[in-house]
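Look at the sequence and the structure shown here.

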Amino acid sequence: MLRKIKTNLKGFIGSPPIEDLPKAAVLLAITAEEEPELIYTLRSNKVSSHKGEVAFPGGREEEGDLSLADTALREAEEEIGLDRNLVEILGSLDTTVSRYGISVTPYVGIIPSNPNLNESSSEIESYFRVPISYLANDIRHRNDKVTEGGETFYMPAYKYNEYIIWGLTAMITVNFLRLGLDKEIDLSIPS
């Protein structure tokens, strides 16, 4: 599975950031092991946006960031203590616009199987790992109706243990599964 992800995404550049919107980046950190996992975070209830939601490590671009990839790496280091030197960035996925009008560019990176991570950031309550094989099975907790550009589709929400992966994070996850693993995720399923 990891070989396929590397083959499909090495050097891949998704759609670019939207120029006239504020920019942010997230990191899809994939563990380098036989059964690779994705790292997600549970946002704190003390932050100003996305309180208590599941997200990828990431955040807004800051003045000192050299690139959006640098933004994703900086944020992952701040939020979960992931040493940026341990991340092999493969490429970026398609940029998505959040409900707050922020251009979010996801970066996919390979990390060691057991990196030293922590939950000391005030931005997150915890982090957790989800097997990519679990996500690839497309077992849905529910489907959320989304209307964008006059088109309606149904975005899956996945439940893993007590965590629900939904919204923008689910959209990025589905994009990753489609591009990284050639998975056909049907977005026409209403329920």
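The model is a predicted one. The points below start with the other side of this helix and then turn to a sheet.

**Helix α1**

- Helix α1 runs over residues 2–9, and Leu2, Ile5 and Leu9 in it are buried.
- These three cover an arc of only 60° around the axis, so they lie on the same side of α1.
- An α-helix has 3.6 residues a turn, so residues three or four places apart point the same way.
- The cover over the buried residues of α1 includes the strands β1 (23–31), β5 (88–92) and β7 (103–111), along with the helices α3 (132–136) and α4 (167–181).

- Three strands make up an open sheet, in the order β9-β10-β11, with antiparallel pairing.
- β9 (142–148) and β11 (163–165) are the edge strands, and each of them pairs on one side only.
- On average, neighbouring strands of this sheet are turned by 30° against each other, direction ignored.
- Seven bridges join β9 to β10 (residues 151–160) in the antiparallel sense.
- Glu148 stands opposite Glu151, which belongs to β10.

**Helix α4 on the sheet**

- α4 packs on the sheet and touches β9, β10 and β11.
- The direction of α4 makes about 95° with that of β10.
- α4 is also among the elements that cover the buried residues of α1.

Technical notes: Residues are numbered from 1 along each chain as its sequence is written. This is a predicted model: local features need pLDDT of at least 70, side-chain atom pairs count only at pLDDT 80 or more; totals for chains, interfaces and linings use all residues. Side-chain values use heavy atoms; hydrogens and water are left out. Buried means under 20% relative accessible area, exposed over 50%, partly exposed in between (1.4 Å probe, protein chains only). Helices (H or I, at least four residues) and strands (E, at least two) are DSSP runs, numbered from the N terminus. The arc is that of the directions from the helix axis to the C-beta atoms. Contact means heavy atoms within 4.5 Å. Two strands pair if DSSP finds at least two bridges between them. Axes are lines fitted to C-alpha atoms, for helices over the stretch in contact, and angles run from 0 to 180 degrees between N-to-C directions.
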